[in-house]
Structure formats: C-alpha cells, structure tokens
Amino acid sequence: MVKLAAMLRDLALPPRCPGCGEIVAAAHRFCAPCWSSLRFIGPPWCAACNRPFEHDRGEGARCASCLADPPAHAGVRAAIAYGPVARTVALRLKYARRTAYAETAARLMVRHLPAHVDVLIPVPLHRWRLWRRGYNQASLIADELSRLSSVAVDRTTLERHRATAPLRGHSRRARAQAVRAAFRTCGDGVRDRHVVLVDDVYTSGATTDACTAALLRAKARSVTILAWTRVLDDDQPA
Ligand SMILES: [Zn+2]
Ligand SMILES: [Zn+2]
C-alpha cells in the first residue's frame, strides 16, 4: 500500500531535487547546484579506512590513525562527504519518513560495494526506537542496495539489545564505551561470510566498531562498512 501511494504521488507531482526541492527532470536526480556541491569520496585514500588523502601516497598507504591502531573492519566506504546536501538527505530519511531518499542514497552507494560481498546487514535500531520511529533508515537503504545489487539483506543475525542514549557531543571514548555492549548476534548467519554493514551517517565509527566486533565474534569473514555520508575533518552532524 505504501509503495502504491508513493507511485500515485510520483505520477501526480513532478520529481524534486533531494537536496533543495527544486523541480528536476527525473526522480533521485539532484539539481545542478546541489550536484556540484556534493563531494564524492574516492581514492586516493587510506587502504584500511578509506579516509581520502589529499595527495596519492601510493598503493596500500595507511593513515596515521590506522597505522597506530589497525581497524578490525575491512574498510569504511561512503558515497558523499558530510555537507549541507548530504545532511538534508540523511535528516529527511531519518525523521521525515521520506523513504524515497533511501533509493537516492543507495543509487550513489552501490558502486562502493566491495568485490566480495555475501550479505548486507543494516545497523540495527533498538526495538523501542524502531517502534517509535516506525522504520530503520539503515534498513531502508539496505533494501534499496539489495534491489540494485541482488545481494541479500540479513535483519536477524545482528541485534541491538541495549538502548543507548544519543551519542552526539560525547567524546570518542565515551561513545565507544556506551555502545560496546549494545550489540549481539544470534544464529550462524554470518559465519565465513563477507558482510557489508549498512548505515546512513558514519561519524566516529563507535557504533559500527561495536557491530563489527559482534559480527567478527560470530565468525564473519570480513566486515566492510558502507554509509551514505561520512563526516570528515571536524564537522559534526547536527
Ligand atoms: Zn537541489
Ligand atoms: Zn585509515
């Protein structure tokens, strides 16, 4: 029913830019000013965490923080560097029930799927938050990625069994501590499999680090993070 209502609405209304609402030629297209403001993330980047480098440092080069503390994940892929337009899409997807934004995001994320991927796992919400919001934005993105790539989505293996207070404004250390014990896995669904963990916004990595640890304990072969947008430098999401 929801899909049908969306289709009828799309027939009646012209497609609009996901960034600013200007009328555009086709659904999920950005207008020229919004499109040119997007900073796409790509190489040269750190071989371990995919943080972009200003200059090419050569094959396999790692950033200082990955050299000091090698990550457990197999990379952090994100479509767009965090900025006003990426933020608008993320906020509308998260709070305004504008689920079409999941497709907008997935279309720009799909090229970042690693060569080997067996399953997509959205970062889960605690069931109370899921109940309040009615949907999990990461799960909506995972569904659209699945449709575009034919990789299956697993929504049952990884569970957020403890609610954590919003992490915004906390130190990196406090965030990590708060989410460390929030996730667990059940069943054998990820054993020996290459997992892509799907999220909307990648900030400090505390949440995805906790998910990655839980999935690796469940014997996943690798865990790569894939997000719509990633906070680089010191800008913080509002
Ligand atoms: Zn626009
Ligand atoms: Zn790195």
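Why is the arrangement of the four donor atoms around the zinc ion (ligand 2) tetrahedral? The donor atoms subtend angles of 103 to 115°, which makes the arrangement tetrahedral; four donors count as tetrahedral if all angles lie between 85 and 135 degrees. Ideal angles for four tetrahedral donors at a metal are 109.5 degrees.

The model is predicted, so that local features need pLDDT of at least 70 and side-chain atom pairs count only at pLDDT 80 or more, whereas totals for chains, interfaces and linings use all residues. Residues are numbered from 1 along each chain as its sequence is written, chains are lettered from A and ligands numbered from 1 in the order in which they are written, and side-chain values use heavy atoms, with hydrogens and water left out.

**First stop: the zinc ion (ligand 2)**

Select the zinc ion (ligand 2) together with C46, C49, C63 and C66, whose SG atoms lie 2.3 Å from the metal. Donors here are N, O and S atoms within 2.8 Å of the metal (3.2 Å for Na, K and Ca); water is not among the atoms, so sites may look incomplete. Along the sequence, these donor residues are spaced C-x2-C-x13-C-x2-C. C46 and C49 are both buried, a term that means under 20% relative accessible area, with exposed meaning over 50% and partly exposed in between (1.4 Å probe, protein chains only).

**Second stop: the zinc ion (ligand 1)**

Next, select the zinc ion (ligand 1), which is coordinated at 2.3 Å by the SG atoms of C17, C20, C31 and C34. The angles among its four donor atoms are 103 to 116°, and the site is tetrahedral. The donor spacing along the chain is C-x2-C-x10-C-x2-C. Helices (H or I, at least four residues) and strands (E, at least two) are DSSP runs, numbered from the N terminus. C20 is partly exposed, with a relative accessible area of 41%, while C34 is buried at 9%.

**Third stop: backbone features**

Most residues other than glycine have a negative phi, and most peptide bonds are trans. Select H28, in the loop between α1 and α2; this residue is not a glycine, yet has a positive phi of about 70°. H28 counts as buried at 19% relative accessibility. Then move to P43 and P44, which are joined by a cis peptide bond with omega of about 0°. P44 belongs to the loop between α2 and α3 (64–68). S150, in the loop between α7 (137–149) and β3 (152–153), has a positive phi near 65°. S150 is exposed, with a relative accessible area of 70%.

Select residues 100–109, helix α5, where eight of the 10 residues are buried. Among the buried residues are Y101, E103, L108 and M109. The buried residues of α5 pack against α2, β1 (76–81), α4 (84–95), α7, β6 (194–202) and β7 (222–230).

**Last stop: V123**

Finally, select V123, in the loop between β2 (119–122) and α6 (127–133). How large is the relative accessible area of V123? The value is 5%, and V123 is buried. Leaving aside residues up to four places away in sequence, V123 touches N136, A138, R160, F183, L197, V198, D199, T207, T208 and C211; contact means heavy atoms within 4.5 Å. A163 is 40 residues from V123 along the chain, and their C-alpha atoms are separated by 13 Å.

Terms used: Four donors count as tetrahedral if all angles lie between 85 and 135 degrees; four count as square planar and six as octahedral if opposite donors are over 155 degrees apart and all others between 65 and 115; anything else is irregular.
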